[in-house]
Amino acid sequence: MAKIPLTIDGKPLEVDTGKTILEVCKENNIEILTMCHFEGIGDVGACRLCLVEIEGTTKLLPACTTKVAANQVIKTNTEKLKKYQKITTELFFAERNHICAVCVADGNCELQDLGYKVGMDHVRFPYLFPKAEVDTSHPSYVMDHNRCIMCTRCVRVCSEVEGAHNWGVKNRGVEVRIISDFDTPWGDSTTCTSCSKCVNVCPTGALWPKATVQGQLVKNPKMVSELVAKRKMNL
Amino acid sequence: MKKKLATVWLGGCSGCHMSLLDIDERILEVVKLADIVKCPIVDGKEFPPVDIALVEGSVTSDEHLQELLHIREVSKVLIALGDCAVTANVTGMRNYLKKEDVLDHAYVKAVSNDQQGKMPGHPALLKLRDKVLPLQEVVHVDYAIPGCPPPADTIFYVLAELLNDRIPNLEQERKLKYG
Amino acid sequence: MKQKKSILDENLSRNDPRVKQILVKMKKENYRPDALIEILHTAQNSYGYLPMSVLAFITKELKVPPSRVFSTVTFYHFFSLKSKGEHTCLVCTGTACYVKGAERILSEIEKDFHLKPGMVTNDNKLGLSTARCIGACGLAPAMVVDDEVHAKVKPEDVKNMVLSKTGVRV
Amino acid sequence: MNRQDLKTMADAAKAEHNKYKHKICVCCGAGCISSGSEAVLKKLQEEVKTRGLENDVRVVPSGCMGPCNQGPLVKVMPEYAIYQKVNCENIAAVVQSQLIDKKPIEDLLLFADSRPKPFVNAQEDPFFEKQYKIVLKDCGSINPENIEDYIVRDGYKALDKVLFQMSSEEVIAEIKHSRLRGRGGAGFPTGIKWETVYKYVADQKYVICNGDEGDPGAFMDRSVLEGNPHRVLEGMAIAGYAVGANKGYAYIRGEYPLAIKRFEAAIKAAKKLGLLGPNILGSPFSFDIEIRIGAGAFVCGEETALIASIEGKRGTPRPRPPFPAESGLWGRPTLINNVETLASIAPIINRGGEWYSEIGTPKSAGTKVFALAGKINYSGLIEVPMGMTLREIVFDIGGGVPGGKQFKAAQTGGPSGGCIPKEHLDVKVDYESLVSLGSIMGSGGLIIMDDSSDMVDVARFFMEFCMDESCGKCVPCRVGTKMMYDLLSKICSGQGSLKDIEKLEELAVYVKEASLCGLGMSAPNPLLSTLRYYKNEYLAHIKENKAFELKAAGEVSHG
C-alpha cells in the first residue's frame with residue numbers, strides 16, 4: 001500500500017493511504033475518544049467525540065469518517081477539542097436518565113469511562129429527565145431507553161452484521177428512540193434472531209441480558225469485531 | 001484560626017454521610033484543622049457561617065430549597081456530596097412521573113397499615129417540589145464529588161486539600177466514581 | 001423465538017379502492033424500496049393518514065424491514081399515524097406569521113374548539129395542526145382550512161371562518 | 001422535435017401573440033389564488049368575450065408578480081398597468097376604463113391606498129423601479145402551464161445553444177465566468193461545483209434540483225417553480241449536459257402542491273416536444289427528470305440529507321467528505337443546485353457570463369430574489385442586484401414599516417441566519433457583508449421586525465424551529481438545541497440568570513463548531529446575533545427574575 005506523510009500532534013508519520021484518521025491514530029497509539037464508532041461496523045460520525053482539527057480547514061472533522069491525505073497536519077488534543085469532548089459527555093449524561101447507582105452496567109460502562117476520562121465531576125447543563133420506557137418483552141434481553149445514548153451501534157450491527165434489521169430509529173431531534181420493528185414490543189419482533197450482537201456492542205446499560213443485577217453486567221464486545229474479521233478472511 | 005465545617009443532609013439516603021465516616025481515623029486530622037459546627041448528628045438549630053459546607057442529597061422540597069439558599073449565603077465553599085446532590089440520582093427518578101401520581105402510589109394505592117390509604121396532609125409536612133433538582137441547578141456549587149456513595153478517600157482528599165488552603169483537583173480518573 | 005400475532009398477519013382487501021391506489025403507485029415505481037416515501041405519500045392521500053395495517057401492507061409488498069418503514073414514517077412531519085380529523089385546520093407558524101401574531105390565532109382556536117396543535121376533536125370532526133411555513137409570507141398571518149388558504153387572518157374571525165367552512169359544531 | 005422545429009414553433013407563436021393588442025395577466029400564484037384570483041380570471045375571460053374583445057385581448061393566468069399582499073393582481077400589457085385587490089365585481093370596470101375608455105381607474109391601481117398618487121405604469125413605481133429581474137423576468141408575464149409562452153420568450157434557446165454550439169467544458173467555463181454562486185444559502189461558486197462533478201468519471205451521474213425550501217419566511221423557490229417552471233427545467237437539462245448526467249431529480253416540498261402540479265405539467269409538456277427525454281432536439285444528449293416530493297423535514301435542504309430522502313430513507317445527513325460531487329445519490333457523482341441557481345442558468349448562457357458577472361458586487365455577482373415579509377408595508381417577492389443596501393430594500397422597495405412603528409431588525413437566512421439591527425441598515429447586501437454582521441444571505445427570506453418585537457423571543461422562536469427540525473443524529477445538535485431552547489424559554493419567562501446567558505454562549509459556540517451538518521452549525525446564529533446586538537433585552541428579562549423563587553440561582557455571591 002502506498003505511504004503518505006502527515007503530522008499528528010506534532011509527530012511526523014508515514015501512513016497508508018485510504019485509511020481513516022482514526023485507524024491511523026490507533027495504529028500509532030494516539031488516543032481518540034469514540035462512542036458511536038465500533039470496530040467491525042460502519043461509521044456514521046454522529047457522536048462528535050472523535051473530532052480533530054486539520055490545518056487549513058475551518059471545520060472540525062470526525063476522525064472516524066475522514067480519510068488521511070498527504071501532508072495533513074492533524075491535531076487531536078487541543079484545548080478546544082478537550083472542552084468540546086467534555087460538553088458532549090455532559091450532554092450524553094443530561095439527555096436521558098443515567099442512574100448509575102441502579103444500573104446493571106455500573107462499573108462496566110463505556111459512558112462512565114468516558115466521563116472519568118474527560119474529568120467530568122458534574123453536568124453543568126440542566127438534566128432533561130425525559131420519560132423513557134423499559135422494554136422487557138423479549139424472553140432473554142431488556143431494552144432500557146433510559147440508558148440509551150443513541151449511538152445506534154445496535155441498529156447498525158443488526159442490519160450490517162446480522163442482517164435482521166430488527167432495530168430502527170423513530171422520530172427525530174431529542175425525541176429519537178430506538179425501535180424494534182413497528183415500534184412494537186421487542187418480544188413480538190418478527191425480525192429479531194435473538195443473536196445478542198446488539199447486547200454485546202451496546203456501550204451502556206441500555207441493552208442487557210435478563211437476570212442481570214446492578215453492576216453485574218458482563219459484555220463481550222469483541223465477539224462482533226472478531227466475527228466480522230473472520231468473515232473477511234474467507235476461511 | 002481553625003476553619004468551620006458543616007455537613008447537610010437534604011434529599012438523600014445518608015449513605016454519603018456513612019462514606020464520610022468511612023474516612024475512619026482520618027477524621028482526627030480533619031478535626032485538627034476544623035470544627036464541625038453543624039451536622040445531622042450535631043444538635044443545633046441555627047446554621048452558622050462556615051468555611052466549608054458538605055451537602056448531601058438533592059433539592060426535593062420547598063424546605064430543601066430554603067435551606068440550600070441559606071447555606072449558599074453563609075458558606076464560603078459549597079460542596080455537592082454524592083450522586084443525589086450532583087445528578088439527582090435515585091431521588092430524581094420521580095422527575096419523569098407526575099408528582100401527584102407518585103404520592104398516590106406511595107400513600108393511597110400502596111398496601112399500608114398506618115394511613116388507611118390517605119394522603120398525609122398535615123401543614124407541618126414539607127411540600128414536595130414538582131421536580132427534584134441537583135444542587136448546581138439551584139445555586140452555585142464550588143466542588144462536586146459524585147458517587148453513590150462517593151469514595152471515602154475522595155471525600156478526605158477534598159477536605160484535606162481545602163483545609164490546607166490548597167485547591168483540590170477532581171478531574172483525575174481515580175478520584176471520580178459515578179454510582 | 002416463538003411467533004406471536006403480529007401486525008404483519010393482518011391483510012388488506014386488494015379490492016379496496018384505497019389499496020388499489022397504493023398498488024398502482026407501487027407498480028409504477030417498480031416496487032423499488034427507494035420509492036417508499038412516494039408510496040407513503042399516496043397511501044396518506046388515500047387514507048388521510050397512515051394506519052398500521054397500511055404500513056404493514058406496504059412493508060410486505062416492498063419486502064423491506066418493518067423498522068425501515070416505521071423509522072421513515074416517523075421522521076417526516078407530513079406523515080401521520082393518527083387520523084387528522086374529517087376537517088383540518090392548519091395554522092402557519094413561519095417567521096412572518098409569527099411576527100404577525102400566529103400565536104393569537106392558535107390561542108383563539110384553543111379557546112373556541114379546545115384544540116391544541118396535533119389534536120383532533122372528540123368526534124373526529126376537526127383536527128388542528130401547524131406548519132413551519134406554507135410560503136404565503138406576504139399574506140401573513142395565514143391559515144389553511146380544508147386545503148383553502150386564508151390570508152391576513154384576524155383572530156376574531158377565526159371561529160366563524162372555521163365554522164362556516166367545515167360545518168363543525170362547537 | 002429538432003432545432004428547426006423549435007425555431008418555427010417560436011416564430012409562429014410569436015406571430016400569433018403579436019396579433020393581440022393587449023395581454024392581461026391575472027396572477028395565479030399561490031398567494032393571489034388564496035385571495036380569489038382564479039374566479040377573477042374566469043370572470044375576466046367572460047367579460048372579454050361578452051364585449052367581443054377576444055381577438056384584441058389575450059387573457060393569461062400568470063405566476064407571481066411580486067406584491068403578494070395586494071392581491072389578486074391583474075396586469076394589463078403593454079401599458080404595464082397593475083390593478084390590485086381585483087374582484088369579480090370590479091373587473092368589468094377595469095376592462096371598460098382601461099381597454100375601452102383608455103383611462104385607468106386610479107383607485108384600483110397598485111398601491112392606490114398608500115401612495116399619494118399611484119403609477120399608471122407600474123414599472124415606474126419604486127417597488128418595481130429599483131428591482132432588476134433576471135430570475136423573475138418572465139414570472140408574472142407568462143402562463144406557467146403553457147410551454148409556448150416560455151418558448152416565445154427565448155425559452156429553451158439556451159439549451160439549444162449548449163447542445164449544438166458548446167462543449168461541456170465551455171458551458172462550465174461560461175458559468176464560472178459569470179461568478180454565479182449557489183443561491184441556496186451558502187454561496188458556493190456554481191461553476192466550480194459543476195466542474196467538480198464533471199471531473200469525476202462514473203457510469204451514471206445525477207442532477208438534483210433542491211426545491212426543499214424550508215426556511216420559514218421564504219417563498220422564492222415556490223414562486224419560481226409556480227411562475228416559470230420551464231426555466232428551472234431548462235437549467236437542470238443544461239447542468240446535466242455540462243456535468244455528464246442524464247438523469248435529474250426535482251425535490252419539491254410537499255407543502256407546495258401548486259408548484260408540484262406545475263412542474264409536473266412542465267415536464268410532461270417538455271417531453272412531448274422532445275425538450276426532455278431521449279436525444280433532446282435531435283442531439284446525442286438525453287435527459288430525464290423525476291419529481292420527488294418532500295415530506296416535511298427542514299434538514300432535507302442539506303445535500304446529504306436530501307440524497308438520503310430521495311433514496312427513500314430518513315433524511316439524516318452524513319459527514320462530508322466525501323461530498324456528493326464525488327459520492328452522492330446511490331454513491332454516484334451528483335450535482336445539487338437550488339431552484340434559483342438553476343433558474344439563473346439560461347439567461348447566463350443566452351447573454352454570456354460576462355454580462356452576468358458585471359451585475360452586483362465584486363464578490364457576489366448577479367441578482368438575488370428575496371421574500372420580503374413581516375412588519376413592512378409592501379411585502380412580496382422582489383429581485384435586486386447584489387450589493388443593494390438594506391435601507392433601499394426596506395424603505396424604497398418595501399415602503400418602510402407600517403403603523404408609525406420604528407424599524408428594529410431585518411432577519412435574513414431564517415433559522416440559520418441572524419438579525420441585522422437598525423445601525424447596519426446601510427449594509428450592502430451580499431454574501432460576505434451579511435456574514436460579517438453575524439447573519440447569512442440564506443435562501444432569501446427577509447423578515448422585517450418593528451420595535452414591538454422581543455428579540456429574545458425571536459431567538460427562542462428560531463431555536464424551537466431548529467430543535468424540532470434537528471434530525472437527532474449528532475449529539476451537539478440533538479441535545480444542544482434542546483438545551484439552548486430550554487434556557488431561552490427560561491429567560492423569556494423571567495426565570496433566567498446571568499449564568500444561563502454564559503451557558504447559552506458556551507453551548508452556542510460548541511453546537512456551531514461540533515455539529516455534523518449545516519443545520520446544527522447554523523442553529524445558534526439567531527441566538528448569537530441577538531446576543532450581539534440586543535444583549536440589553538436579555539438582561540432586561542433577567543432583571544424581572546427577582547419575583548421568582550429560584551432567583552438565587554447563579555446570582556448568589558460566593559467564595
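A residue counts as buried if 20 or more other C-beta atoms lie within 10 Å of its own, and as exposed if 12 or fewer do. By this rule A:Phe129 is buried, because 21 other C-beta atoms lie within 10 Å. The model described here is predicted.

**Contacts between chains**

- Five pairs of chains are in contact, and among these pairs chains C and D share the most contacts.
- Chain D gives 38 residues to the contact with chain C, and chain C gives 32 residues. On the side of chain D that touches chain C, the elements giving two or more residues are helix H2 (30-34), strand E9 (367-374), strand E13 (445-450) and helix H19 (455-469) of chain D. This side of chain D consists of 15 nonpolar, 17 polar and six charged residues.
- Chain D also touches chain A, in a contact that takes 23 residues from chain D and 25 residues from chain A. Here the elements of chain D that give two or more residues are H19, helix H20 (475-492) and helix H21 (498-514). H20(D) supplies the largest share of this side of chain D, namely eight residues. The residues on this side of chain D are divided into twelve nonpolar, three polar and eight charged.
- Chains B and C do not touch, and their nearest C-alpha atoms are 21 Å apart.

**A sheet in chain D**

- Five strands of chain D form an open sheet with mixed pairing, in the order E10-E9-E13-E11-E12. Strand E10 (380-385) and strand E12 (418-421) of chain D are the edge strands, each of which pairs on one side only.
- On average, neighbouring strands of this sheet are turned by 30° against each other, with direction ignored.
- Within the sheet, strand E11 (residues 407-412) of chain D pairs with E13(D) in the antiparallel sense, over five bridges. D:Thr412 stands opposite D:Leu446, a residue of E13(D).

**A sheet in chain A**

- In chain A, three strands make an open sheet in the order E6-E7-E10, with antiparallel pairing. Its edge strands are strand E6 (134-135) and strand E10 (207-209) of chain A, and each pairs on one side only.
- E6(A) is joined by two bridges to strand E7 (residues 141-144) of chain A, and the two run antiparallel. A:Asp135 has A:Met143 in E7(A) as its bridge partner.

- Most residues other than glycine have a negative phi, and most peptide bonds are trans. The following residues depart from these patterns.
- A:Asn29 is not a glycine, yet has a positive phi of about 55°. A:Asn29 lies in the loop between helix H1 (21-27) and strand E3 (51-54) of chain A. A:Asn29 is exposed, because 6 other C-beta atoms lie within 10 Å.
- A:Phe129, also a residue other than glycine, has a positive phi near 45°. The position of A:Phe129 is in the loop between helix H3 (110-117) and E6 of chain A.
- D:Met77 and D:Pro78 are joined by a cis peptide bond with an omega of about 5°. D:Pro78 is placed in the loop between strand E3 (74-77) and strand E4 (81-83) of chain D.
- Another cis peptide bond joins D:Arg320 and D:Pro321, with an omega of about 0°. D:Pro321 is found in the loop between helix H13 (303-310) and strand E8 (334-338) of chain D.

Methods: Residues numbered from 1 in each chain as written. Chains lettered and ligands numbered in written order. Predicted model: local features only at pLDDT ≥ 70, side-chain atom pairs only at ≥ 80, totals over all residues. Contact = placed C-beta atoms within 7 Å. Helix = DSSP H or I, 4+ residues; strand = E, 2+ residues; numbered from the N terminus. Nonpolar A, V, L, I, M, F, W, Y, C, P; charged D, E, K, R; others polar. Pairing = 2+ DSSP bridges. Axes fitted to C-alpha atoms, helices over the stretch in contact; angles between N-to-C directions.
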